[in-house]
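Please look through the sequence and the model below before reading on. The paragraphs that follow take the strands and helices in turn.

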Amino acid sequence: MTSVQHRSAEEIGRTATGPRPVPELGDQTAAADLSHVDTVLPNGLRLLAVRKPTVPLVEVRLRIPFGGTEPLHAATAEVLAETMLTGTARRDRVEIDTELALIGGELSTVVDPERLTISGNALATGLPTLLDVLADALTSASYVDDEVARESARLVERLAVSRTQPRVIAREALLKHVYGDHPATREVPQAGDVAAVDARMVRALHAASVLPRGSVLVVVGDIDPDRIAGDVERALAGWSADREAVAMPGLPEVTGGDLLLVPRSGAVQSQIRLIAQSLPRTDPRYAALQLANLTYGGYFSSRLVENIREDKGYTYSAHSGFEFTGSTATVGVDADTANEVTAAALLETRYELGRLALVPPTAEEVESVRQYAIGSLLTATSSQAGLASQLAALTAAGLGAEWLAEHPARIAEVTVEEVAQAALEFFAPTRFTGVVVGDAEILAPQLTALGGFAVGEPGK
């Protein structure tokens, strides 16, 4: 019988002369050349189509500006998104589902305060059918009374559950703290508002706001760039209007200030949410700021994660990242902690903000986040679906395929000094404000001792 010796991971990683050296990173792969067409069709719709024939499929992303200031706009928009694909003048729900299934396709809708997004995919040979179904929904969605009532009732149930979730409560509290009554704060409509929406209101919103002018359609996949513009123009010829899609009002600038303690009686965990004004992708300093953010809390080996997760065990997850709205941007920090360590976790979070500004990233740190930023971008856009979603997000700022192809080079050229300057300018603790959601009876004495806190009313 042969005996087998097993070695531990630590033993495998060492030699007689010490730890095995980590192999050097290879040369960075350049971004693929994106053969594409970027044009505005006669109906005012911007078309961005990219050929990526890795598999015989196609992805579509239609983004329609969908702002509104009326009290029931968010609720009506949510019902519209839930019922838009339940029937048209030419097809009922079953026929829509059947035609999409025959081309291996699907369509889905989602809405937020800024936009209505319709996403879909299919076999490349099925693109004409996918566009025909899409055009049908855009021009003649029926919003039958029974369908609207049924989907509204389901939505009310889901919202009732969603509004009890700590992350939803914290998100809404943060938005209201920095933006007040701005429409951007109505990401999750009230269940009572949804119950008040009827089919007539949904049909009226569709007629007023589902418009091509100012909207963007992204198509990625096994397509012919020379033919796609004509194909889309013919398919969507019936979708037209003289008016432009309604953009959400611009956001006010976020200014630093006291944090708000939002009471949530009986909660065993607290949600820490910080926010500060940042830079849009169009700013030449964005690449340096991106690396500064990664160093702070943008990936698993960041300073924040090393401190409050790996070293002190205050949280399972801590993260910082950007949020882009139109031509503006913010940077946010979030962590969920047990009540007894919330104040300590917040203290360390603020400490790391100050340390990033005053003890700037080292050359080694910058090189590590540089490789991560470039690698993660190339990985995220390696699939048709990932590329389509990334391009759709860029179009909100007027950007396109060129920006995406050139961004790895911009990251590669950022200097350590530029990252340090971005950290000093945008990660100073005084630039941030935010909320802590949790049991005020437990948290208030600790957070008051830290200073820079106000206590809000429960449910506000």
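Two strands are said to pair if DSSP finds at least two bridges between them. In this predicted model, strand β5 (residues 57–65) meets that condition with β7, the two pairing in the antiparallel sense over nine bridges. Within this pair, Arg63 stands opposite Thr117 of β7. Strand β6 (residues 106–111) is likewise antiparallel to β7, with six bridges between them. Val111 has Leu116 of β7 as its bridge partner, and β6 and β7 form a hairpin with three residues between the strands. How enclosed is strand β7 by the rest of the structure? Buried means under 20% relative accessible area. Eight of the nine residues of β7 (residues 115–123) are buried, so the strand is largely enclosed.

A hairpin is also formed by β3 and β4, with five residues between the strands. Strand β3 (residues 36–40) pairs with strand β4 (residues 46–51) in the antiparallel sense, over five bridges. Asp38 is placed opposite Leu48 in β4. In this hairpin, Gly44 takes a positive phi near 90°.

Another part of the model is an open sheet of six strands with mixed pairing, in the order β11-β12-β10-β13-β9-β14. The edges are β11 (318–325) and β14 (453–455); each has a single partner strand, so one side of each is left without a neighbour in the sheet. On average, neighbouring strands of this sheet are turned by 20° against each other, direction ignored. Inside the order, strand β9 (residues 259–263) and strand β13 (residues 433–438) run parallel and are joined by five bridges. Leu260 has Val435 in β13 as its bridge partner. As a general point, side chains in a regular strand alternate between the two faces of the sheet.

Is Lys176 buried, partly exposed or exposed? With a relative accessibility of 38%, Lys176 counts as partly exposed.

Helix α10 (residues 286–298) lies across β11 and β12 (328–338) and runs at about 150° to β11. Leu424 has its place in helix α16 (residues 416–426). The relative accessible area of Leu424 is 43%, which makes this residue partly exposed.

The UniProt annotation "domain: Peptidase M16 C-terminal", from an unreviewed entry, covers residues 201–371. This span is 40% helix and 23% strand, and its end C-alpha atoms lie 50 Å apart.

Two packed helices are described by the angle between their axes and the distance between the axes. For helix α11 (residues 303–311) and helix α12 (residues 342–358), the axes come within 10 Å and cross at roughly 155°. Angles over 145 degrees count as roughly antiparallel, so α11 is roughly antiparallel to α12. The crossing of α11 past α12 is right-handed. On the α11 side the contact is made by Arg303, Leu304, Asn307 and Ile308. Ala345, Glu348, Thr349, Tyr351, Glu352, Arg355 and Leu356 make the contact on the α12 side.

Key
Residues numbered from 1 in each chain as written. Predicted model: local features only at pLDDT ≥ 70, side-chain atom pairs only at ≥ 80, totals over all residues. Heavy atoms only, no water. Helix = DSSP H or I, 4+ residues; strand = E, 2+ residues; numbered from the N terminus. Buried < 20%, exposed > 50% of the residue type's maximum accessible area, 1.4 Å probe, protein only. UniProt positions renumbered as here; feature names shortened; annotations may be inferred. Axes fitted to C-alpha atoms, helices over the stretch in contact; angles between N-to-C directions. Parallel < 35°, antiparallel > 145°, perpendicular 65-115°, else oblique. Left-handed = near helix turned anticlockwise from the far one by under 90°. Contact = heavy atoms within 4.5 Å.
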